[in-house]
Amino acid sequence: MEAAIALAEELNFSRAAHRLHISQPALTKQIAELESRLGFSLFERDHQSVAVNEAGRAYVQEARMSVFHSERAVQAARAALNNAEVVLRVGRSPYGDPFLTSTLLSVRLPLFPQLKVELTSGFSCDLVHDVLSGRVDLALVTEPPESPMLTMTKVDEAPLYIALLEENELAKLPQLSMSDLNHENWIIFGRSVHPPLYDRILRFASDLAIRPRDMNHIMVPEEAYQLIAEKNGVALLSKTGALKNARDGVTIRPLVEQRLILKTFLASRVDNQSKLTSEIVRAFGRKMRTLDGDPQLNLPISA
């Protein structure tokens with residue numbers, strides 16, 4: 001079931017195998033054995049492409065629910081073993097605002113006094129897969145891909161930030177636009193970190209005829225600092241990533257572009273009928289609404 005779900009969502013044997021942490025031949029064998037056992041095909045494929053047929057779509061829809069409930073059964077048994085009333089599994093991104101995670105963890109529910117929260121980290125698009133597969137109950141995800149299987153509650157929005165040397169001429173400006181970054185040395189997260197957002201940034205730059213002099217890719221925000229210093233580069237980062245680099249001669253400025261405002265959501269499955277999930281989402285929303293202003297540091301800041 002997991003093999004069929006992964007292939008239906010990725011429509012690529014290599015990507016689906018990578019997601020499942022198995023080899024491509026192993027995935028091909030699993031799909032072939034599944035179709036043989038069922039007596040009919042779920043996918044139409046040739047050497048270049050994979051497509052889900054009608055039978056495959058019907059199978060995958062039910063398979064998602066089966067895998068989801070199987071995962072929940074395991075977690076319920078684990079909670080009982082640990083003498084916990086219930087376990088809530090929450091996903092968060094290393095690029096996300098840690099304030100949102102700490103606020104979620106601070107929520108107290110009278111109906112669940114022995115609540116245990118398990119945190120897991122992953123990039124936003126991977127966390128969406130984790131929610132859909134039932135590996136996590138909730139996830140704080142920034143700019144997630146749309147899915148009819150997800151319920152999204154917006155909890156934050158913020159611009160991208162640019163980290164750059166204090167001696168850079170652009171540091172004289174209180175805020176930056178995309179045009180200010182023309183012919184600069186860009187430092188940006190790799191496409192695998194967040195493909196939709198990466199493509200949106202480059203497409204927006206292309207629409208404005210903005211071109212970097214050079215482009216360097218990073219996987220985690222902390223990698224940007226050395227490149228900023230060595231190449232007099234400008235790093236396009238989330239607020240959290242920018243703050244991690246604001247030290248020892250590096251300052252940060254907001255990138256004021258409406259098309260690049262980042263929205264963060266609390267995501268759960270549409271068919272998740274758990275009372276705990278609905279209670280925690282409502283309580284988290286109430287707590288966020290009671291907070292006045294941005295609890296983070298005022299930006300731009302220098303070290």
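Is Lys275 buried, partly exposed or exposed, and at what relative accessibility? Lys275 counts as partly exposed, at 48% relative accessibility. Buried means under 20% relative accessible area, exposed over 50%, and partly exposed in between (1.4 Å probe, protein chains only).

This is a predicted model: local features need pLDDT of at least 70, side-chain atom pairs count only at pLDDT 80 or more, and totals for chains, interfaces and linings use all residues. Residues are numbered from 1 along each chain as its sequence is written, and side-chain values use heavy atoms, without hydrogens and water.

**View 1. Lys275 pairs with Glu279 in helix H10.** The salt bridge (a side-chain nitrogen of Lys or Arg within 4 Å of a carboxyl oxygen of Asp or Glu) has its closest N and O atoms 3.9 Å apart. Both residues lie in H10 (residues 275-290), 4 residues apart, about one turn of the helix. Helices are DSSP runs (H or I, at least four residues), numbered from the N terminus. Glu279 is buried, at 18% relative accessible area.

**View 2. Glu54 forms a salt bridge with Arg57.** Their closest N and O atoms are 2.5 Å apart. Both sit in helix H4 (residues 54-81), 3 residues apart. Glu54 is exposed at 59%; Arg57 is partly exposed at 44%.

**View 3. Glu10 forms a salt bridge with Arg15.** Here the closest N and O atoms are 3.5 Å apart. Glu10 is buried, with a relative accessible area of 17%. Arg15 is partly exposed, at 46%.

**View 4. Residues of helix H8 are buried.** Within H8 (residues 224-231), the buried residues include Ala224, Tyr225, Leu227 and Ile228. Just after H8, Asn232 takes a positive phi of about 50°.

Key: Helices (H or I, at least four residues) and strands (E, at least two) are DSSP runs, numbered from the N terminus.
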